[in-house]
Amino acid sequence: MIVWDRDRGSSSSATSHLRGLTAKVACLLTGFSKAIESLVRSIFDAIPPYRVSRGRVDAKGFTHEGLPFIAVSSKRIIMDRHTFDILSVGQRVKIRYTRTAKAIDIELR
């Protein structure tokens with residue numbers, strides 16, 4: 001049943017429907033915005049210039065998210081599990097990595 005609201009000049013069910021629709025559109029736009037932001041960050045991270053770190057592997061460990069990392073020259077660099085297992089503390093390495101400290105390539109020295 002539609003009830004006419006004289007003060008507002010519209011029906012109450014139409015107003016509530018419009019509010020619900022507006023909330024859904026806002027939620028959709030927020031999700032779309034976050035997806036675009038994530039895509040831009042990923043692309044920005046993947047393009048040069050890359051950083052380089054040389055030295056000995058000072059430590060090995062896992063981030064709070066469970067990603068393996070090594071510390072070289074006081075910089076934590078995230079890498080894949082296989083590479084993490086191969087490297088040992090004390091090895092001399094040269095690592096090229098992205099802006100967000102993700103390893104691209106590692107040379108043993």
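Ala59 stands opposite Ala71 in S4. This is a predicted model, in which local features need pLDDT of at least 70, side-chain atom pairs count only at pLDDT 80 or more, and totals for chains, interfaces and linings use all residues. Residues are numbered from 1 along each chain as its sequence is written, and side-chain values use heavy atoms, without hydrogens and water.

Strand S3 (residues 51–62) runs antiparallel to strand S4 (residues 68–72), and five bridges join them. Helices (H or I, at least four residues) and strands (E, at least two) are DSSP runs, numbered from the N terminus. Two strands pair if DSSP finds at least two bridges between them.

Tyr97 has Ala103 in S7 as its bridge partner. Five residues lie between the strands of this hairpin, where Ala101 takes a positive phi near 60 degrees.

Most residues other than glycine have a negative phi, and most peptide bonds are trans. The loop between S4 and S5 holds Ser73, with a positive phi near 55 degrees. Ser74 is in the loop between S4 and S5 too, and its phi is positive at about 60 degrees. Ser74, at 75%, is exposed (over 50%).

One peptide bond also deserves a look. Pro48 and Pro49 are joined in cis, with omega about 5 degrees. Pro49 is found in the loop between helix H1 (12–46) and S3.

Conventions:
Buried < 20%, exposed > 50% of the residue type's maximum accessible area, 1.4 Å probe, protein only.
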